[in-house]
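Visitor: Could you walk me through this one? I would like to start with how the chain packs.

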Amino acid sequence: MMKPRLSGLRWGICANFRRPISHCCSNSISPSSIEVKPKIPLYLRPPSFSASLSELTQWHKWAKNLASGSSFVHLDNGPDSSLLCRELNWLLQDLLELQNHSVILSQLESGNNDNVDVSVALRAHLEELYCVWRQRIEERRPFQYVVGCEHWRDLVLSVQEGVLIPRPETEMIIDLVEDVALNNSPELAQGFWVDLGTGSGAIAIATARTLATHAHGRVIATDLSPVAVAVAAFNVQRYGLQDVVEVRKGSWFEPLKDVQGKLAGVLSNPPYIPSGDISGLQAEVGQHEPKLALDGGFNGTNDLLHLIDGAASMLKPGGFFAFEV
C-alpha cells in the first residue's frame with residue numbers, strides 16, 4: 001500500500017541572503033479552534049461493543065476468505081493475499097483488548113468451538129467490521145484509513161481520509177536533520193523549524209523530538225487542508241508536544257510571515273507526482289489519498305519550485321532545508 005513514488009531528497013544550507021522581514025498575526029490552531037473533529041483510531045477507542053465468540057469467528061472466517069481470494073499485484077502492484085491476511089490480523093489486534101489478544105486470536109485461527117457463547121469485548125461494532133473489511137477489499141480503501149493510524153518511526157500517528165499516509169522513505173528527512181543539520185550546526189537546534197504541508201504532523205513531531213535531544217527548538221507545522229490541520233493537532237497533543245509544535249492553517253509559507261528570515265530549518269514532503277501519472281497509481285493511493293498532497297502539476301515540480309524559491313527568504317543565514325522529491 002505504499003505510494004509508488006520514486007523519491008529522493010534535496011537538502012542544503014542557506015547562504016547569507018535575506019529579504020526584509022514582515023510581521024503579521026499567525027493563524028495558529030488550538031484544540032478548541034479546530035474546524036474538523038479528527039476521528040479516533042481504532043486502538044484508542046474504548047471496548048464499548050461486544051459479540052459472542054461464535055459471531056466473531058464467523059466474521060473472521062468471512063474476512064479471511066475474502067482476503068485469501070484477493071490479490072492486486074498484477075493489476076497495479078497492489079497488495080497480495082498474504083499481505084491482506086496480515087492486515088486482518090493487525091485489525092484484530094487493534095480491535096481486541098490487549099489482555100485478550102493471544103487467547104482470542106488463537107481460538108479464531110484454530111477454529112476452536114469451545115466457549116462459543118462467551119462474550120468478547122470489541123472496540124467497534126461487528127457490523128462496522130463487515131463494512132470496513134469489504135471496503136478494504138472491494139474498494140481498495142487503505143488499511144491505515146480502516147484502523148485510523150500508521151506506525152512511522154517510533155510513532156503511532158492518527159490518519160484518516162483527507163490526510164496523506166506517511167511513508168518509510170520520508171523518515172530520511174529526520175535522519176538528515178539529525179545527522180547533517182544538528183551534528184554540523186548544533187546551534188540550529190535552538191531555532192524555529194517548519195514542516196510545510198504537514199499532513200499527519202509526522203515530520204513536525206519527529207523533528208520536535210529530535211530537537212529536544214539537543215536543545216529547545218520549536219516547530220511550526222502548516223497545511224492548507226482543515227482535515228490535515230485537525231489530525232496533525234491531534235497527533236501533536238497525543239505526544240504532549242503542544243508547547244513545542246504549533247499547527248497553523250494556510251498554504252506553504254503564507255502563515256509564516258511573522259518568522260520570515262528567522263527559520264533555522266525548512267522541511268517538507270510536497271506533492272511531486274506529475275498530474276498525468278495520478279490515474280495510474282495504486283488504487284489505495286490514487287483513488288483514496290488526497291490529491292492535494294500528491295499532484296505536483298504537469299511535471300511534478302510546481303510546489304517544489306515554489307518551496308525552493310521561498311526558502312531563501314524564510315531561512316536565516318546558515319539555515320537548513322530538506323524536501324522529499
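Guide: A contact here means heavy atoms within 4.5 Å. In the protein chain, 79% of the contacts with a separation of 6 or more are between residues 24 or more positions apart. This is a predicted model, in which local features need pLDDT of at least 70, side-chain atom pairs count only at pLDDT 80 or more, and totals for chains, interfaces and linings use all residues. Residues are numbered from 1 along each chain as its sequence is written, and side-chain values use heavy atoms, with hydrogens and water left out.

Visitor: How much of the protein chain counts as buried?

Guide: Of its 325 residues, 54% are buried (under 20% relative accessible area, with a 1.4 Å probe and protein chains only).

Visitor: Switching topic, how many aromatic pairs does a search of the whole structure find?

Guide: The search finds 4, where rings of Phe, Tyr and Trp (its six-membered ring) pair if their centres lie within 6.5 Å, with planes under 30 degrees apart counted as stacked, over 60 as edge-to-face and the rest as tilted. Trp-193 and Phe-320 have ring centres 6.1 Å apart and planes at 45°, so this pair is tilted.

Visitor: Where in the chain do Trp-193 and Phe-320 sit?

Guide: Trp-193 is in strand β7 (residues 192-196) and Phe-320 in strand β11 (residues 315-324), so the pair links distant parts of the chain, 127 residues apart; strands are DSSP runs (E, at least two residues), numbered from the N terminus. Both Trp-193 and Phe-320 are buried.

Visitor: And what about Phe-321 and Phe-323?

Guide: They form a tilted aromatic pair, 5.5 Å centre to centre with 35° between the planes, and Phe-323 is buried, with a relative accessible area of 0%.

Key:
Helix = DSSP H or I, 4+ residues; strand = E, 2+ residues; numbered from the N terminus. Buried < 20%, exposed > 50% of the residue type's maximum accessible area, 1.4 Å probe, protein only.
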